[in-house]
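Dear colleague,

I am passing on a structure that is new to you, and below it I have set out what was found. Please read the notes with the model open beside them.

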Amino acid sequence: MFLHYKFVLILRALWFLAQIALFGLIVNRMVKEEVQVVTGGNYFYFYAAGIVVTLLYSMTVFIGYDIYEEADHGVTEYLLSLPVSRRELVLGRAIGGGLRSFLYVAPLMFVVLLLIGITDPFRILIALTALFLFAFGVAGMSITLAMSIKSHDRFDILLGVLNAFIVRLSTTMYPVAFMPPQYAAMAQFNPLTFAADIFRWGAGLEAVLLTSPFVSVFGIVVFFSVFTFLGIVFYEKRLEGGGWR
Amino acid sequence: MKLGGIAHLLEYDLRNFFRYKWWIAGMISMNLADLIVMAVVYTNMISPTVAGKYLSYFLFFSPGITITALFAAAFMIGREINREFRRSLSHYLLSLPFSRRELAFGRVLSGGVRGMVYMAPLLATTTFVTWFFTEKLPSPLEMLLVVFALFLVSIGTSGLSITIALSTKSFEKFVTARGVIYYVLFFCSSVFYPLDFIRQLGRDGTLPQPLVFIAEINPLSSGADITRSFLLGYPSFSPLMLLNVALFAAIFVLTATFAYLKIVQE
């Protein structure tokens, strides 16, 4: 199903390259010396690691669009006829949504890890597991939103607004030390901050972490648990009596 | 060419534009997030040696956001024209009492006007923000020149978008081409970073010379710098900036008009 979006995949890869090879490199030369110190000596590595998390997030939310497509094309009825419970269905969708975007982002993630330099494979393994849970949670969030909003247009706009603010109000692009206090307060509880922190920890960029790896993993586990639960509740509720139509 | 026919086409395309209220709302939130979050944080991070001439990175970036919004809104017309040709809606347009030349030029002009309509509140906000921090307000003539330059960028973008839309019937290919153009023109311009700094990176060997050249001739760079020169006083205005956007507009308005005429004849 994901390969339906091959042009989206190409575009996202181009966006990633432009962000890293142009914006990342140029801004790295524009920032104050203080920023380089706070980011562990290289803002470019900090930024590249954050962009991977942003890409993972934006690829995973696509699962919500599939839900609308399926409702439009009568695929939901087919899925309901399969010998799986509704709970299994939504859990499978969330895992599938997380896994497919994870697989897509994996090569780009690998490029960034090679750029930064792999120091501890065990840490990377922990970070990748946490990122998978994060993707799983984002898929659950997207399914929850798709199930609670009937209009495709409204879902599109809500996702656009959410995307605009959730990415910018996180530490994916900049360290919290340079954020105004109100933004920094919001960034501390942002799941993208947890994901970016754990990925940077895995890549050996400890100096820049806002939260400890334990707190990041805990935050991600809470995020994915809440949205998987909500996704199941909303999906089951919406499926009852053909509410998706 | 009759002006009445073109006015009808403008009305048709403006009405269509406001049908995309969700898209417009999404764009506005993206622009706001860029201005009130991203620009504010980067202002704390960017070295004063880079942004000092503009007082702050926030003031430097505000006109850049205006240009990106103008570009995205003016590019929308291509998406619609691509759809019209895929769904043969263009046959209906051909049955209307306009000459083909009016139809072709009218569509290019509409795209440009839509870009201006969307950009106007952002330009007003940028003007207010720069006035608030610098107490500098452009004279009516300077403002007119800014609006004229931005209109040239807008109509040129509309022409570029229509040219791409007519070169393929596949919507996916159009979207991909649009993405490539967006990324090259946005990131290789003075929207996010000053042109002086890009040139310096080119001299240092950090940035390849072809990318520096793209940034220099990029109409988005000229549009953003003309706006900055009158709102912030730096960089100083050069007629070459205006010539650059005028050339961009002339090339793509003509290309799009001829491409449209050619495709309706087929």
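In which kind of crossing, right-handed or left-handed, does α4(B) pass α6(B)? The model is a predicted one, and in it α4(B) passes α6(B) in a right-handed crossing. Helix α4 of chain B covers residues 57-86 and helix α6 of chain B covers residues 100-134, and their axes come within 8 Å and cross at roughly 165°. Since angles over 145 degrees count as roughly antiparallel, α4(B) and α6(B) are therefore roughly antiparallel to each other. The contact between these two helices draws on 16 nonpolar, eight polar and two charged residues.

A second pair in chain B is formed by helix α11 (residues 219-231) and helix α12 (residues 239-265), whose axes come within 9 Å and cross at roughly 135°, which makes α11(B) oblique to α12(B). Here α11(B) passes α12(B) in a left-handed crossing. On the side of α11(B), the residues that meet α12(B) include B:P219, B:G223 and B:I226, while those of α12(B) include B:M241, B:V245 and B:F248. By class, this contact has six nonpolar, three polar and one charged residues.

Turning to the two chains, 28 residues of chain A are in contact with 28 residues of chain B. On chain A, α1 (6-30) and α8 (152-168) each supply at least two residues of the side that touches chain B, and the largest share of that side, eleven residues, comes from α1(A). The residues of this side of chain A divide into 22 nonpolar, one polar and five charged.

With kind regards

Methods: Residues are numbered from 1 along each chain as its sequence is written. Chains are lettered from A and ligands numbered from 1 in the order in which they are written. This is a predicted model: local features need pLDDT of at least 70, side-chain atom pairs count only at pLDDT 80 or more; totals for chains, interfaces and linings use all residues. Two residues are in contact if their C-beta atoms, placed from the backbone, lie within 7 Å. Helices (H or I, at least four residues) and strands (E, at least two) are DSSP runs, numbered from the N terminus. Ala, Val, Leu, Ile, Met, Phe, Trp, Tyr, Cys and Pro count as nonpolar, Asp, Glu, Lys and Arg as charged, and the others, Gly among them, as polar. Axes are lines fitted to C-alpha atoms, for helices over the stretch in contact, and angles run from 0 to 180 degrees between N-to-C directions. Angles under 35 degrees count as roughly parallel, over 145 as roughly antiparallel, 65 to 115 as roughly perpendicular and the rest as oblique. A crossing is left-handed if the near helix is turned anticlockwise from the far one by less than a right angle, and right-handed if clockwise.
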